[in-house]
Structures are given as C-alpha cells and as structure tokens.
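Hi,

Have a look at it first, then read on.

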Amino acid sequence: MGRLIVIEGLDGSGKRTLTQALAARWQADGRTVATLAFPRYGLDVHADLVQDALYGRLGDLSDSIYGPAVLFALDRRAAAGQIRDLRQAHDVLLLDRYVTSNAAYGSARLGGPDRPTDFPAWVRALEIDRFGVPAPDHQILLATSVELAGQRARNRADQDQDRALDRFEADDGLQRRTAAMYRRLAEQDYLSPWTVLTPDSDGSFSLPAAVVG
Ligand SMILES: Cc1cn([C@H]2C[C@H](O)[C@@H](COP(=O)(O)O)O2)c(=O)[nH]c1=O
C-alpha cells in the first residue's frame with residue numbers, strides 16, 4: 001500500500017508548488033504518484049456547500065465553527081474509498097490539505113493555541129474514528145510567513161476573480177492564529193509524524209530526506 005503524505009499550510013504558503021515538485025521528484029525516481037486536493041470543489045456537494053458558506057451565500061452557517069467543519073469532513077468521508085484505491089495503485093498518494101486543515105482552522109477560530117480546546121480531538125474522532133477516513137503516514141507543514149502567504153493570496157485574488165479572498169483568507173488575525181495552531185499540532189505529532197519546512201530566501205523549499213524517503 002502506498003504512503004499517504006499530506007501537505008498543509010496557509011493559503012499562499014506554496015502547497016501547490018511543493019506538490020508538483022515532490023511528485024516530479026518521486027516520478028524521476030521511478031515511483032508512481034497520485035495527487036488529490038481538498039476541498040474537492042466541483043466534485044463533492046459538501047465542498048461546494050462549504051464554499052458557498054465561506055463566500056457568505058449560506059446565511060449564518062459561516063458564523064458557525066462546527067457546521068463548516070462537518071461539511072469539510074463529509075467531503076473527505078465521500079473520498080475515503082477513492083483514497084484507498086489510489087493507495088493500492090500508487091507508491092505515494094500526495095494530498096494538498098487534509099484532516100489537519102479542519103483541526104487548525106477550527107481551533108484558530110476558537111481562539112488558537114492560547115486558548116486550547118478539544119477541537120483537534122473532536123476532528124480526529126469524527127473523521128478518523130467515526131467516518132473511517134484513512135490516517136496520514138506523514139504530514140508536511142509549509143511554515144511560510146503569514147505576511148508572504150497573505151501577499152500571495154491577495155495577488156492571486158487581484159489576478160483571478162475565481163480566487164477572491166474567502167472569509168477565512170480575509171481575516172488576518174485568523175491566519176495568524178491558524179499558523180500558530182499548525183505549529184502546535186505539528187509539535188504534538190497530530191495524526192502522524194510531521195516535517196516543518198521553512199522557505200529559503202527566494203521562497204522555495206528544499207526537500208529533506210525525511211520527506212523524499
Ligand atoms: C480542507 C479544509 C479547508 N479548510 C479551510 C482552509 C481555507 O481557508 C478554506 C478553503 O480551502 P482552500 O482555500 O484551500 O480552498 O477552508 C478548513 O477549515 N477545513 C478543511 O478541512
């Protein structure tokens with residue numbers, strides 16, 4: 001069964017670029033790689049509903065913390081069979097966002113690491129234990145600065161109206177608490193061992209042996 005590797009981080013942290021670089025590196029080594037990104041907009045009704053909520057089209061749902069988290073979780077529940085199949089057929093399955101996104105953003109909305117809650121444990125119980133979503137083997141946190149990630153997300157929003165900032169992205173305080181929450185979850189080995197990557201001065205990432213394998 002192939003390794004399930006997850007890339008996590010803020011919007012604009014470089015997840016998509018690193019996904020492509022890692023996939024190319026493994027393929028050059030002769031390994032087969034599949035990739036998936038969450039939320040699966042356009043593919044899963046729960047993902048589309050949560051997008052509606054994040055752009056203010058579902059009334060007071062976006063005021064809730066648990067409501068959107070349940071929708072994100074249902075998107076992964078619906079993908080669990082596909083994840084198992086892709087792991088059977090490939091050496092590596094690389095995911096752009098996964099269960100820890102839910103734990104990090106929800107906890108940040110509840111106040112971040114300064115106000116610890118059982119939200120990460122609730123996410124784990126819902127997604128892994130109750131929904132049977134496969135646990136990752138390894139997670140990578142892209143610890144790009146909040147300023148640089150925010151700048152990239154704003155540049156994308158200016159260039160492409162389909163990538164306008166959602167409610168989470170438009171909230172600088174939330175982004176800051178989410179970054180801190182990600183670090184805390186990585187320190188705690190939430191769901192798996194973690195590798196925390198900080199970008200080089202040009203914004204790119206070197207690929208350490210723990211990740212490349
Ligand atoms: C996948 C996922 C994303 N999110 C957040 C991260 C982003 O701010 C927002 C939408 O994700 P995206 O910007 O990667 O499309 O939702 C969660 O809160 N929980 C999740 O499970």
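How do the residues of the shell around the ligand divide into nonpolar, polar and charged? There are seven nonpolar, two polar and five charged. In that scheme Ala, Val, Leu, Ile, Met, Phe, Trp, Tyr, Cys and Pro are nonpolar, Asp, Glu, Lys and Arg are charged, and the others, Gly among them, are polar.

Before the rest, a bit of housekeeping. This is a predicted model, so local features need pLDDT of at least 70 and side-chain atom pairs count only at pLDDT 80 or more, while totals for chains, interfaces and linings use all residues. Numbering runs from 1 along each chain as its sequence is written, and side-chain values use heavy atoms, with hydrogens and water left out.

Back to the ligand. It has 14 residues around it, the closest being Asp11, Tyr41, Arg76, Arg97 and Asn102 (a residue is near if one of its heavy atoms lies within 4 Å). Helices H3 (66-89) and H4 (99-109) each supply at least two residues of that shell, and H4 gives the most, with three. Helices here are DSSP runs of H or I with at least four residues, strands are runs of E with at least two, and both are numbered from the N terminus.

Some polar contacts (N or O pairs within 3.5 Å) to check on screen:

- Aspartate 11: a side-chain N or O atom is 2.7 Å from a ligand oxygen.
- Arginine 76: a polar side-chain atom is 2.8 Å from a ligand oxygen.
- Asparagine 102: a polar side-chain atom is 3.1 Å from a ligand nitrogen.

The protein covers 91% of the 470 Å² of accessible area that the ligand has on its own (Shrake-Rupley method, 1.4 Å probe).

Aspartate 75 is in H3 and arginine 40 in the loop between E2 (33-37) and H2 (45-54), 35 residues apart.

That E2-H2 loop also holds proline 39, which is joined to phenylalanine 38 by a cis peptide bond, omega about -5 degrees.

Cheers

Note on methods. A polar contact is a pair of N or O atoms within 3.5 Å; within protein, one must be able to donate a hydrogen and the other to accept it, and residues adjacent in sequence count only if both atoms are side-chain atoms.
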